Amino acid sequence: MTNIAPIVPSDKLEKHSILTLGIRIFTVPILNMLPGSFIKKIMRRSSRDASDVIASSGSTQSLEVMYKRSFQKSSKWTLKYMANTFWHTVVSQPKALRNRLKITKSAIDHNVLSIISNPSEQHATNPIRILSIAGGSSRSTIQVVADLKNNGVTHEIEVFTIDKDQAALDIGKQLAMDAGVSSNFNWICGNANRVGTLIHDKRFDIIEIVGLIDYFDDERTIRLMKVARDVLYKGGIIVAANVMPNSEVPFVHKMGWPKMIYRTHKDLEMLLEKSGFTKTEIITEPLKVHCIAIAKNECS
Ligand SMILES: C[S@@+](CC[C@H](N)C(=O)[O-])C[C@H]1O[C@@H](n2cnc3c(N)ncnc32)[C@H](O)[C@@H]1O
């Protein structure tokens, strides 16, 4: 395996149907124009999921609502069902987040398999080590480890998740327990600024930074990426995502989501280059709301 980015089959990712695209032509400009207070009111009143997202905007809890897409459990053609369908499928954000999750999972999976089939010197004595910075529930990594285990792969994998929110880590702990992979995970409550001290002298094969640098300016992002590169093995991989400029930006902020820094795939590539990564491959998810970079540390 020479490519560091996985091939994610297009039919595994969510897109808009022709009908949805038609509905979006008039609904997205309206959502962008409406006052924030009104948007929050209709979201709270129309759907439990939408209400939960605005109650904890930007947090792992709000992402989990969108990842789980719980509206599927309600019965069809009620007003609630239609409102949930609107928030989950006509608005791009939840679909794009689920795409980001699938691409992140594939990127981690692809590179873990690559290590298993072609281990380096350090793997003679060390497990495959993954670090998730601002990892929240670590849903993507939990799925990777659980799938490998279910497929009979016995290679030792050790995951460290750092997040400043204990409640986010508790969601992850429960998910890992439900998936039967608790023993692979270490949950560390702390700030990303303190990565070096939080993980002591450990080095990693893969580092995931998803849902964090959206909130960091260029200088802070480069500082974090350099610290991440320092704790990667030579040949190690970083998986980092950033939100892109998109047509729903005014709506997203009016619903109360914290301020984000929108970057193109070229901006993200440039930040990784300035942080010392010489090989970067970028996947843009089909709705063009998130791009995911997979970059290799080619230095010792
Ligand atoms: C948008 S969520 C992303 C969670 C997860 N990476 C995912 O993609 O599902 C952002 C997470 O970053 C955490 N976070 C934000 N700033 C942080 C910081 N400076 N240090 C550690 N965690 C941070 C939040 O607590 C939250 O759980």
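Domain bounds are those of an automatic or database domain assignment. On that basis the chain of this predicted model is divided into domain 1 (10-93) and domain 2 (99-296), and the shell around the ligand draws at least three residues from each of domain 1 (10-93) and domain 2 (99-296). Residues are numbered from 1 along each chain as its sequence is written. Because the model is predicted, local features need pLDDT of at least 70 and side-chain atom pairs count only at pLDDT 80 or more, whereas totals for chains, interfaces and linings use all residues.

The centres of domain 1 and domain 2, taken over C-alpha atoms, are separated by 26 Å. Across the boundary, 23 residues of domain 1 are in contact with 26 residues of domain 2, two residues being in contact if their C-beta atoms, placed from the backbone, lie within 7 Å. On the side of domain 1 that touches domain 2, at least two residues each are supplied by helix H1 (18-33), helix H2 (36-46), H4 and helix H6 (92-117), where helices (H or I, at least four residues) and strands (E, at least two) are DSSP runs numbered from the N terminus. The largest share of this side, 5 residues, comes from H4. By residue class, the side of domain 1 that touches domain 2 divides into 9 nonpolar, 9 polar and 5 charged residues; here Ala, Val, Leu, Ile, Met, Phe, Trp, Tyr, Cys and Pro count as nonpolar, Asp, Glu, Lys and Arg as charged, and the others, Gly among them, as polar.

Around the ligand there are 19 residues, of which Ala134, Gly136, Asp165, Ala192 and Gly211 come nearest; a residue is near a molecule or strand if its C-beta atom, placed from the backbone, lies within 6 Å of it. Two or more residues of this shell are given by helix H4 (60-68) and by strand S2 (157-163). The shell comprises 7 nonpolar, 8 polar and 4 charged residues.

Strand S2 is mostly covered, with 6 of its 7 residues buried; a residue is buried if 20 or more other C-beta atoms lie within 10 Å of its own, exposed if 12 or fewer, and partly exposed in between, with C-beta atoms placed from the backbone. S1 and S2 pair in the parallel sense over 6 bridges, two strands being paired if DSSP finds at least two bridges between them, and threonine 161 in S2 is the bridge partner of serine 132. From S1 the chain crosses through H7 to S2 in a right-handed β-α-β crossover, that is, one in which, with the strands pointing away from the viewer, the path from the first strand over the helix to the second runs clockwise. S2 also pairs in the parallel sense with strand S3 (residues 185-189), over 5 bridges, and isoleucine 188 in S3 is the bridge partner of isoleucine 162. The β-α-β crossover from S2 through helix H8 (residues 166-178) to S3 is right-handed.

Strand S5 (residues 232-243) is likewise mostly covered, 9 of its 12 residues being buried. Its pairing with strand S4 (residues 204-209) is parallel and extends over 5 bridges, with leucine 232 in S5 as the bridge partner of phenylalanine 204. The chain passes from S4 through helix H10 (residues 218-230) to S5 in a right-handed β-α-β crossover. With strand S7 (residues 290-296), S5 pairs in the antiparallel sense over 7 bridges, and histidine 290 in S7 is the bridge partner of valine 243. Lysine 296, placed in strand S7, counts as partly exposed because it has 19 C-beta neighbours inside 10 Å. Residues up to four places away in sequence aside, lysine 296 touches Ile4, Gly235, Ile237, Phe277 and Lys279.

Most residues other than glycine have a negative phi. Serine 138, in the loop between strand S1 (128-133) and helix H7 (139-150), has a positive phi of about 55° although it is not a glycine, and is buried because 27 other C-beta atoms lie within 10 Å. Histidine 200, in the loop between helix H9 (195-198) and S4, also has a positive phi of about 55°, but counts as exposed because it has 6 C-beta neighbours inside 10 Å.
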